[in-house]
Amino acid sequence: MTQASESLRERRLVELLDSLATGEGLSSSILEGVQFMRSDKYSPPIPMLYDPCIVIVGQGRKTSYLGDQVYTYDPYNYLVLSVPLPLVCETEASPEEPLLAVSMRVDPATLGELLMEMDTDIAMNGTVPRGIYSAPLTGELIDATVRLLECLRSPVDSRILGPQTMREITYRVLCGEQGGALRAVAIRHNRFSQIARAIRLIHASYQHELNIETLAGEAGMSVSTFHHNFKQVTSASPLQYLKSIRLHKARMLMVQDGLTANAASGRVGYESASQFSREFKRFFGNTPADEAAKMRNLGGGNT
C-alpha cells in the first residue's frame with residue numbers, strides 16, 4: 001500500500017471517530033460492547049479503572065501507568081487489557097486536536113471460538129503474561145476498525161455487520177506480536193485463567209470481607225504461589241488490588257449516583273468512614289468530596 005493510501009485510511013479513521021465520539025469522556029455506541037473516547041483537553045495522570053478491552057486511538061495520545069510499567073496508545077500503538085485493571089492514565093489532547101478513540105470489549109467466548117478455528121498450537125510457556133500491553137497498530141487492524149466505525153453509523157449495519165467486524169478485530173489482535181495475553185484468557189486450567197477467576201470473585205464480591213486465603217482457594221493455588229502469580233498479572237498484591245477496586249467503585253457511586261462519602265464507603269465494604277477517607281485521599285490525592293467534584297467536571301467517564 002502506498003504512503004498516500006495509508007494517510008487516507010488514517011484520516012478516515014479520525015473523521016469517523018470525530019463524528020461518532022461527540023461527548024466528552026466515554027460515550028456509548030449503538031453496538032453493545034463498543035464505546036467511544038473523546039477528550040478536548042490535557043488531563044494529568046488520574047487513577048482509572050479499565051475493564052478488559054481493546055483501545056484503538058485515531059488522534060491524540062494516552063499513557064497508562066501500572067506499577068513501574070508505562071503503556072502508550074496513540075495513532076501508532078493500540079492497548080489491550082485482558083483483565084480489569086486500575087491504571088493511572090494521562091491524556092494528551094487539545095481543542096484543536098482532541099483525543100479520539102474507540103474501545104471494544106474483550107469477549108472470552110469469542111476468543112475461545114477463534115482459537116479453535118485457528119487450529120494453532122495455543123500451549124502457553126511457563127511465563128504468566130501481564131494483563132495489559134500495548135503493541136504497534138497494523139494496517140489490517142486500522143482497516144477493520146474503519147469498517148466497524150462505518151457500520152456504526154447505521155443501526156441495521158451495526159446489527160448485521162458489527163459483530164463479525166468486532167470478531168475480526170479480536171482475531172487481528174490475537175495474531176499480533178503480543179497476543180499471548182488474550183490467548184491466555186481462553187485457555188482453561190493455566191495459571192493466568194486461575195488468577196482471572198480470583199479477579200472475577202473480587203469484582204463480584206468486593207463489598208464483602210475477602211482475604212488472601214479465600215482468593216487463593218478460588219484460584220486453586222497455595223497462598224505464596226497465588227500472591228506471586230497475581231502480582232505478575234496485575235502488578236499489585238491481591239489485597240492492594242482489592243483496595244483499589246473498592247476505592248474506584250466508591251468514587252463511581254459518588255460521581256454517578258450522588259452518594260455521600262459515608263454512604264459510598266459502607267456500600268463498598270468499609271466499616272470505618274474515617275479509614276475510608278484516609279485511604280481514599282492517599283490513593284486519589286483528594287478528599288472524597290473534592291475528587292467527586294473533579295470527576296464530574298471531567299465528564300465523569302474513564303478516558
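Me: How far apart are the mean positions of the positive and negative charges of the chain?

Reply: Lys and Arg count as positive and Asp and Glu as negative, while His and the chain ends are not counted. The place of a charge is taken as NZ of Lys, CZ of Arg, CG of Asp or CD of Glu. In this chain the mean positions of the 30 positive and 33 negative charges are 5 Å apart. Note that this is a predicted model, in which local features need pLDDT of at least 70, side-chain atom pairs count only at pLDDT 80 or more, and totals for chains, interfaces and linings use all residues. Residues are numbered from 1 along each chain as its sequence is written, and side-chain values use heavy atoms, with hydrogens and water left out.

Me: How many helices and strands does the chain have?

Reply: Helices (H or I, at least four residues) and strands (E, at least two) are DSSP runs, numbered from the N terminus. The chain has twelve helices and ten strands.

Me: What does the radius of gyration say about the chain?

Reply: The radius is taken over C-alpha atoms, and the globule rule is 2.2 Å times the number of residues to the power 0.38. For 303 residues a compact globule would have a radius near 19 Å, and the chain, with 20 Å, agrees with this. The C-alpha trace spans about 60 × 45 × 35 Å along its principal axes.

Me: How many of the contacts join residues at least 24 apart?

Reply: Contact means heavy atoms within 4.5 Å. Among contacts between residues at least 6 apart in sequence, 73% join residues at least 24 apart.

Me: What share of the residues count as buried, and which residues have the most contacts inside the largest nonpolar core?

Reply: Buried means under 20% relative accessible area, exposed over 50%, and partly exposed in between (1.4 Å probe, protein chains only). Of the 303 residues, 50% count as buried. In soluble globular proteins, nonpolar side chains tend to be buried together. A nonpolar core is a set of buried Ala, Val, Leu, Ile, Met, Phe, Trp, Tyr and Cys residues joined through side-chain atoms within 4.5 Å. The largest one here has 58 residues, and Tyr50 and Phe226 have the most contacts inside it. Helix H9 (residues 238-256) gives the largest share of this core, eight residues. Another core, of 37 residues, lies apart from it and includes Leu16 and Met104.

Me: Where is tyrosine 133, and is it buried or exposed?

Reply: Tyrosine 133 belongs to strand S10 (residues 132-136). With a relative accessible area of 4%, tyrosine 133 is buried. Not counting residues up to four places away in sequence, tyrosine 133 touches several residues, among them Tyr71, Leu79, Val173 and Leu182. Tyrosine 73 is 60 residues from tyrosine 133 in sequence, and their C-alpha atoms are 9.6 Å apart.

Me: Which residues does serine 265 contact?

Reply: Leaving aside neighbours within four places in sequence, serine 265 is in contact with Tyr270, Ala273 and Phe276. Serine 265 sits in helix H10 (residues 261-267) and counts as buried because its relative accessibility is 3%.

Me: What is the phi of serine 235?

Reply: Most residues other than glycine have a negative phi. Serine 235 has a positive phi of about 65°, although it is not a glycine. Serine 235 lies in the loop between H8 and H9. Serine 237 lies in the loop between helix H8 (223-234) and H9. At 12% relative accessibility serine 237 counts as buried, and, residues up to four places away in sequence not counted, serine 237 touches His227 and Phe230.
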